[in-house]
Amino acid sequence: MKPLDRIIEAAKAAPRHIVLAEGEDPRIVEGALRAVRAGIAKITLVGDRKIVAEELHAAGGAPDEIRIEDPTSSALTEHLAVAYHDLRRSKGVDEAAAAAAVRSPLVFAAMMVREDQADGTVGGAVATTADTVRAALQTIGRAPDVGLVSSFFLMMLCAPHHEKKGAFVFADCGLVVDPDATGLADIAVTSARSYEALSGKPAKVAMLSFSTAGSAAHERVSKVVEATRLAHASAPGLVIDGELQFDTAFVEAVSAAKAPQSALHGEANVFVFPNLDAANIGYKIAQRIGGATAIGPILQGLAKPANDLSRGCNADDVFHMIAVTVVQASGGQSTG
């Protein structure tokens, strides 16, 4: 079974209620209808009721297929405003500011998740990553057993020219700019959990660097070595190695030559990059030159699932992110 098919089947087996903050966007509506008709999710679209209804009609949807919530008139708005005020009053948010905040679709959707009115949320087709993540962090918050909220891309190698096929995790490609060793270790452990939740397979984690097993000496290499040690101490059963260059982590013959003692043997499926520069460049090279399908950025480490779409996404991307969010929610919290 292809990795995406497995995720979709897992979502069908345990459908959840997902709220989409940008319900006025035709890509969101098309992806939402597909998700409902595939049986992977119950969907709520947030936005101006008239505009959302028109987009739903234009996409061939029936009024009873998908719930619409308009923050300016919803029966939920007053309750969510009170809850948001309780949550943020210590940050100087008064009642009027709270009432205004929940009229933002991103905040409204995230508060629905916080208040158990939905199981997960997806945004970012229109809003920036910064706005999408901020709404999630300020409302849903971090999971209690996680030190750092981070992100990853699920990279699918399925094309005929790919020698290896399957799902791989690249982290952190979208959120944490320059983690220290402790943060990098946290990203590694959380990414391993995310991979296992979505793929159903054991994680094999490579801590990436420009050095392999001491081939170079530099403080940036030392950070990766220390992060590997911390991650292994935090999760002793985790198969992890570092510092490794990408080819050593990915190619068995290179691993045998450069790092014969490595526990990975060139079979890593979770790749933790040392910083956002390397990660973001790396996933885009894999996508644009290598032909990998990239799904994300997927957030991890939140108390409940909230995910971010690219503003260049299409309806397929929306459908797939809904499926990922459902699988995350089926575990009772985000994959962090």
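## Ground rules

Residues are counted from 1 along each chain as its sequence is written, and side-chain values rest on heavy atoms, without hydrogens or water. Because the model is predicted, local features need pLDDT of at least 70 and side-chain atom pairs count only at pLDDT 80 or more, while totals for chains, interfaces and linings use all residues.

Let's start with the cis peptide bonds. One runs from glycine 242 to glutamate 243, with omega near 10°, and glutamate 243 belongs to strand S8 (residues 239-244). Another joins glycine 296 to proline 297, where omega is about 5°; proline 297 has its place in strand S10 (residues 293-300). Helices (H or I, at least four residues) and strands (E, at least two) are DSSP runs, numbered from the N terminus.

Which residues have a positive phi although they are not glycine? Aspartate 116 has a phi of about 60° and lies in the loop between helix H6 (105-114) and strand S4 (120-123). Histidine 265, with a phi of about 55°, is in the loop between helix H11 (252-258) and strand S9 (270-272). Aspartate 116 is exposed, with a relative accessible area of 60%, and histidine 265 is partly exposed, at 42%. Here buried means under 20% relative accessible area, exposed over 50%, and partly exposed in between (1.4 Å probe, protein chains only).

## Rings and charges

The structure holds nine aromatic pairs. Rings of Phe, Tyr and Trp (its six-membered ring) pair if their centres lie within 6.5 Å; planes under 30 degrees apart count as stacked, over 60 as edge-to-face and the rest as tilted. Phenylalanine 153 and tyrosine 283 have ring centres 3.8 Å apart and planes at 20°, so the pair is stacked. This pair links distant parts of the chain, 130 residues apart: phenylalanine 153 sits in strand S5 (residues 150-157) and tyrosine 283 in helix H12 (residues 276-288). Both phenylalanine 153 and tyrosine 283 are buried. Elsewhere, ring pairs link Phe168, Phe170, Phe246, Phe250, Phe271 and Phe273 into a cluster.

The charged end of arginine 34 sits over the ring of phenylalanine 319, 3.9 Å from its centre, and lysine 164 lies over the face of phenylalanine 250, 4.4 Å from the ring centre. The test asks for NZ of Lys or CZ of Arg within 6 Å of the ring centre and within 35 degrees of the ring normal.

## The largest pocket

Some residues from the sections above return here. The largest pocket holds about 500 Å³ of space and is lined by 25 residues, with Phe153, Tyr283, Gly296, Pro297 and Ser310 nearest its centre. H12, S10 and helix H13 (315-330) each supply at least two lining residues, and the largest share, five residues, comes from H12.

A pocket is an open set of points on a 1 Å grid over the protein atoms alone, where a 1.4 Å probe fits, with protein on both sides within 12 Å along at least five of seven lines; lining residues have an atom within 4 Å of a point. Grid points are joined across faces, edges and corners, and a volume is the space filled by probe spheres set on the points.

## The second largest pocket

The second largest pocket has a volume of about 410 Å³. Of its 20 lining residues, Leu157, Lys164, Phe246, Phe250 and Val251 lie nearest its centre. Two or more lining residues come from each of S5, strand S6 (166-171), helix H10 (246-250) and H12.
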